[in-house]
Amino acid sequence: MNNEITFTSHCVTCAAWHVPATTDAPDREPGRPCVVMAHGFGGTRDTGLLGYAEAFAQAGIDAFVFDYRGFGDSDGTPRQHVSFRRQRQDYRAAIEAARRLPGVDPDRIALWGTSYSGGHVIAVAAEDRRIAAVVSLTPATDGLAALVQIARYAGPGQLVRATGHGLRDLARALTKRAPHHVPVVGQPGSAAILSTPGAEEAYTSMAGATWRNEVCARTALEVGVNRPTTSARHLSCPILVQIGTHDRIAPPDAARRTAAKAGPLAQLREYPVDHFDIYQGPWQQQALADQLTFLHRVLDPLHSTPSPTR
């Protein structure tokens, strides 16, 4: 059962699902563990996340799945504005809301992120020493590395065009006009932010009812300065980093370097998949199984030894 709830982030009402644990497998006093979850670039909570959240609940771990401000069922303007700074603020507000849930242990909160949010959870956990664990799935950990990868597969012209769209949108924002949008995902050569071969088909196949294939183009101007990898060495909790070795959107080498920076707190798992292959099918099941193994171990209050990097 998914309980519809709301919380406030910077005076804006955000929508969330609380998915309570259906078993008490890891349940010990003073309460149950809870995983706080949000989507990656341009995603909404109804786009591929429930498969993970419901599996956590069946394993005895609550899940708190939310929409960022300006996305899905959450309030906030401008709509469809991807800002890593705002989204990290929303994660912090969601964590505080999860800590107040009845029956949840406020000191056994784990963060779960994928793609863009796979980087958010690293940066947020590095600042909050009460976070018990982090799951970072096919994470975008280094915006500079992502830009280099885009230039390699799409050519430098793609970056020039994205910058042009971003400047146009920024100019409209400064003059208080309606945003200039570009697609989240599209065919190679299009103006979409994500335009690797097969990305459009994969993303739209799991899209929920609230998902919209558009974002404010200004987000292209800040991708290069979004570098959560710089926070990894400040983590104080265990982290599971799950990498797709064929990932054409989130550079695998950057994620490996991020895991290495976390040192003995990091556990690294690699899968022979592209970026969107972990939201459904057998590889989703494998990634989920590894997450459950990790979470049961690190959220057990009787266990305190971090896993070595692999």
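An open sheet of eight strands, with mixed pairing, runs in the order β1-β2-β4-β3-β5-β6-β9-β10; two strands count as paired if DSSP finds at least two bridges between them. Strands β1 and β10 are the edges, each pairing on one side only. From one strand to the next the twist averages 25°. This is a predicted model, in which local features need pLDDT of at least 70 and side-chain atom pairs count only at pLDDT 80 or more, while totals for chains, interfaces and linings use all residues. Residues are numbered from 1 along each chain as its sequence is written, and side-chain values use heavy atoms, with hydrogens and water left out.

**Strands and the crossover**

- Helices (H or I, at least four residues) and strands (E, at least two) are DSSP runs, numbered from the N terminus.
- Strands β3 and β5 are parallel and share six bridges, with Val-35 partnered by Ala-110 in β5.
- Strand β9 (residues 239-244) is also parallel to its partner β10, again through six bridges, and Ile-243 stands opposite Glu-270 in β10.
- Between β9 and β10 the chain passes through helix α7 (residues 252-262), giving a right-handed β-α-β crossover; right-handed means that, with the strands pointing away from the viewer, the path from the first strand over the helix to the second runs clockwise.
- Why is β10 (residues 266-271) described as largely enclosed by the rest of the structure? Five of its six residues are buried, where buried means under 20% relative accessible area, exposed over 50%, and partly exposed in between (1.4 Å probe, protein chains only).

**Helices against the sheet**

- Helix α7 lies across β9 and β10 and runs at about 165° to β9; axes are lines fitted to C-alpha atoms, for helices over the stretch in contact, and angles run from 0 to 180 degrees between N-to-C directions.
- Helix α8 (residues 281-298) lies across β3, β5, β6 (133-137), β9 and β10, at about 165° to β6.
- Helix α2 (residues 84-99) spans 23 Å from its first C-alpha to its last over 16 residues, close to the expected 22 Å, a figure that is 1.5 Å times one less than the number of residues.
- Because 12 of its 16 residues are buried, α2 is largely enclosed by the rest of the structure; among the buried ones are Arg-86, Asp-90, Tyr-91 and Ile-95.
- Those buried α2 residues pack against β1 (3-9), β3 (32-38), β4 (62-66), β5 (104-114) and α3 (116-127), with contact meaning heavy atoms within 4.5 Å.

**Two buried residues**

- Asp-105 belongs to strand β5 and is buried at 7% relative accessible area.
- A polar atom of the Asp-105 side chain lies 2.9 Å from the backbone nitrogen of Asp-107.
- Beyond its neighbours within four places in sequence, Asp-105 is in contact with Pro-30, Gly-31 and Arg-32.
- Thr-219 sits in the loop between β8 (215-216) and β9 and is buried, with 0% relative accessibility.
- Again leaving out neighbours within four places in sequence, Thr-219 is in contact with Phe-41, Val-82 and Ile-193.

**Backbone points to check**

- Most residues other than glycine have a negative phi, and most peptide bonds are trans.
- Thr-77 and Pro-78 are joined by a cis peptide bond, with omega about -5°; Pro-78 is in the loop between β4 and α2.
- Cys-11, in the loop between β1 and β2 (12-19), has a positive phi of about 70° and is exposed at 80% relative accessibility.
- Lys-176, in the loop between α5 (156-174) and β7 (181-182), has a positive phi near 60° and is exposed, with a relative accessible area of 77%.

How values were computed: A polar contact is a pair of N or O atoms within 3.5 Å; within protein, one must be able to donate a hydrogen and the other to accept it, and residues adjacent in sequence count only if both atoms are side-chain atoms.
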